[in-house]
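Here's a quick tour of a structure, taken a few spots at a time. Have the model open and follow along.

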Amino acid sequence: MNPHLSATTAAGEADDVAPAWDGDNGQWWDWYMSLAADEAPTSLVDVPAVELGSLPTEDAVVAELAEPYDLPAGAVESFAADGFVVLPRVVSPGAAELLRRRLADLLATTGGTALRAREMLWLEDPLVSAAVLSPRIAGVCAALLEVETLRLYHDSALCKEPGAGRTPWHHDAHHFPLASHDVISTWMPLQPVPLAMGPLAFARGMDTWRLVADLPFDKIGTSYDRRVAEGLRDAGVAVHEEPFALGDVSFHSTLCFHTAGANATTRSRMVLGATYYADGARVVDHPTMVSGDWQLFVPDTAPGEVAASPRNPVVTT
Ligand SMILES: O=C(O)CCC(=O)C(=O)O
């Protein structure tokens, strides 16, 4: 029995994810993180605070985020081949620090056993909104996906506290109830992320998901996470697991398998993520419990309908 599941979501075989999620998204994260193999770390490494001197004003950060980002040569090709790309200096250290402080305030009263998470903060905070709807971030996403018009699925503020364990292996196509492969997620750490803090790590190869596509999901325990890790290792798949410098942002396809290590440092690992999809995508016919409370992100939209609610604005790219 998994303590995070209700009688309804626990019913059936371990790979039966057909029931709808019946808790909130915080409870969903508690459940999901419980599916990671490996214990939480027993000792924590001290990492220094970032010293920046003076911080930019909020207006300066909003102006920065409105500026396009010059994609390095080869980024579009790397993304298409690998399923992810990590780009340098997408935001300035000052912008990252201002956003980190803002998310710390917004998450101050948010609970969670492994990851304290909140979505849809763009609806309540102008700085988060400027980042999530920014032409800088969304412009990179549109260029990498090679699509003209993108909509927002959701943002996610993710705070992995010192001592919290791994994030299980997964690909977002399993999570987001969107009937499209033109879906991309950003992961913007708001402090440097050394290996000990658990950077997002990616299985290289846009088609790598096929190698583990037949593994049965496990909604009760850690077998899916372990089998995916073994499957990738046995197939010789390269895993990109590198530290993030302050300002680095990663972009991954919905098909890209990814994980993150434990946070074995004394500092919180604060991240602002967001997910965008090509305009015209529909909600899948049968959303599952793995999509959490997805109707919060795409309200008033039935399975099979085009996802284009007011909570899914077209983003300026
Ligand atoms: O931050 C994490 O540990 C997981 C985040 C993730 O899986 C994602 O952003 O797609």
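## Serine 223 and its partner

Let's start with a side-chain pair: serine 223 and aspartate 218 make a polar contact through their side chains, at 2.7 Å. Keep in mind as you look that this is a predicted model.

Where does serine 223 sit? You'll find serine 223 in helix α8, which covers residues 223-234. Is serine 223 buried or exposed? Serine 223 is buried, because its relative accessible area is 15% and the cut-off for buried is under 20%.

## Threonine 9 in helix α1

Now jump to helix α1, residues 7-10, where threonine 9 is found. A polar atom of the threonine 9 side chain lies 2.9 Å from the backbone nitrogen of serine 6. As for accessibility, threonine 9 has a relative accessible area of 0%, so this residue counts as buried.

## Around the ligand

Zoom in on the oxygen atoms of the ligand. An N or O atom in the side chain of arginine 269 is 2.6 Å from a ligand oxygen. For tryptophan 187, the distance from a side-chain N or O atom to an oxygen of the ligand is 3.0 Å. With histidine 252, a side-chain N or O atom and a ligand oxygen are 3.1 Å apart. How much of the ligand's accessible area does the protein cover? On its own the ligand has 300 Å² of accessible area, and the protein covers 93% of that. The ligand also takes up the space of the largest cavity.

## Two positive phi values

A couple of backbone angles deserve a look. Arginine 89 isn't a glycine, yet its phi is positive, near 50°. This residue is in the loop that runs between β1 (84-87) and α5 (93-106). Arginine 89 has 52% relative accessibility, so it counts as exposed, the cut-off being over 50%.

Methionine 120 also has a positive phi, about 65°, although it is not a glycine. Its place is in the loop between β2 (115-119) and α6 (126-132). Is methionine 120 buried or exposed? Methionine 120 is buried, because its relative accessible area is 6%, and buried means under 20%.

## Aspartate 300

Last stop: the loop between β10 (269-278) and β11 (314-315), where aspartate 300 is located. With a relative accessible area of 80%, aspartate 300 counts as exposed. What separates the C-alpha atoms of aspartate 300 and valine 132? These two residues are 168 positions apart along the chain, and 22 Å lies between their C-alpha atoms.

How values were computed:
Residues are numbered from 1 along each chain as its sequence is written. This is a predicted model: local features need pLDDT of at least 70, side-chain atom pairs count only at pLDDT 80 or more; totals for chains, interfaces and linings use all residues. Side-chain values use heavy atoms; hydrogens and water are left out. A polar contact is a pair of N or O atoms within 3.5 Å; within protein, one must be able to donate a hydrogen and the other to accept it, and residues adjacent in sequence count only if both atoms are side-chain atoms. Accessible areas come from the Shrake-Rupley method with a 1.4 Å probe; for residues, only the protein chains shown count as cover. On a 1 Å grid over the protein atoms alone, a cavity is a set of points where a 1.4 Å probe fits but cannot get out, and a pocket is an open set with protein on both sides within 12 Å along at least five of seven lines; lining residues have an atom within 4 Å of a point. A molecule sits in a cavity or pocket if more than half of its atoms lie within 2 Å of its grid points. Helices (H or I, at least four residues) and strands (E, at least two) are DSSP runs, numbered from the N terminus. Buried means under 20% relative accessible area, exposed over 50%, partly exposed in between (1.4 Å probe, protein chains only).
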